[in-house]
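Please examine the following model with attention to its charged side chains.

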Amino acid sequence: MAYRQTDKVREKFELKKKEIIKAAREVFAENSYQGTSIKVLAQKAKIATGTFYLYFSNKETLINMIVDELFQELLNSIKNERAKFTDGFDKLKASMEACIKLFVREKGMAKILLVQVPSVNNAFNAKLIELENELIKLTKEDLDELKSLGRLPDDDTLVSAMAFVGSFRQVIINWLREGKPENLEAAFNTLVKYNIRGLGQ
């Protein structure tokens, strides 16, 4: 009986933790990361400020967990979209489109994750680099496959993959910082055409 009780307590703890994370994502999306206090986060989650510390040691621990959650969502989305296609060019488009859709849907969080926090958190920067490297790796795999089929010139696929992912990253960052392009989803087609031409097609 005691074992079941322990499981129930653990389950309740994890459920409340998820509720706090959900509330935090909403607050961070509305405000800046630096400008959001633990008190405000606790109020949004409908808990006492002291209770917050039962679940997270500080605000940084919370944002890191949110980052891991969003990055996992993004990687899962990319893999799910890619699985729908067999053609290398289609898989390339699917990878980038999955990124664009998530960032448009989570624009507030995307601004915090890609623009605000990296400037003050080195560990966070490492996670962004890890994500970008994963995208480069997937892109290189697609380019290697297309190259082996004679559908691309005999160029360095790693350099091409870095340029491909980098161009999307730059446009997304500019959209978050400056609001340009105004419509990121519409810009997606231009980006894809630009990159495909750059690959020699």
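The structure holds 15 salt bridges, a salt bridge being a side-chain nitrogen of Lys or Arg within 4 Å of a carboxyl oxygen of Asp or Glu. The model is predicted, so local features need pLDDT of at least 70 and side-chain atom pairs count only at pLDDT 80 or more, whereas totals for chains, interfaces and linings use all residues. Residues are numbered from 1 along each chain as its sequence is written, and side-chain values use heavy atoms, with hydrogens and water left out.

One of these salt bridges joins Glu-26 to Lys-22, with the closest N and O atoms 3.1 Å apart. Both residues belong to helix H1 (residues 2-30) and are four residues apart, about one turn of the helix; helices are DSSP runs of H or I with at least four residues, numbered from the N terminus. An α-helix has 3.6 residues a turn, so residues three or four places apart point the same way. Glu-26 counts as partly exposed because its relative accessibility is 31%, while Lys-22 counts as exposed at 55%. Here buried means under 20% relative accessible area, exposed over 50%, and partly exposed in between (1.4 Å probe, protein chains only).

A salt bridge also connects Arg-151 and Asp-87, at 2.5 Å from N to O. This pair links distant parts of the chain, 64 residues apart: Arg-151 is in the loop between helix H7 (122-148) and helix H8 (157-178), and Asp-87 is in the loop between H4 and helix H5 (88-105). Arg-151 counts as partly exposed at 32% relative accessibility, as does Asp-87 at 22%. Elsewhere, a network of salt bridges links Arg-25, Glu-69, Glu-73 and Glu-106.

Which charged residue is buried yet has no salt bridge? That description applies to Lys-59, whose nearest side chain of opposite charge, Glu-60, is 9.6 Å away; Lys and Arg count as positive and Asp and Glu as negative, with His and the chain ends not counted. The side chain of Lys-59 instead reaches the backbone oxygen of Thr-36 at 2.7 Å. Lys-59 also touches Phe-28, Tyr-33, Gln-34, Thr-36, Ile-38 and Leu-41, leaving aside residues up to four places away in sequence, where contact means heavy atoms within 4.5 Å.

Lys-59 lies in helix H4 (residues 59-82). The buried residues of H4 include Lys-59, Leu-62, Ile-66, Leu-70 and Arg-82.

Terms used: Helix = DSSP H or I, 4+ residues; strand = E, 2+ residues; numbered from the N terminus. Polar contact = N/O pair within 3.5 Å; in protein donor to acceptor, adjacent residues only side chain to side chain.
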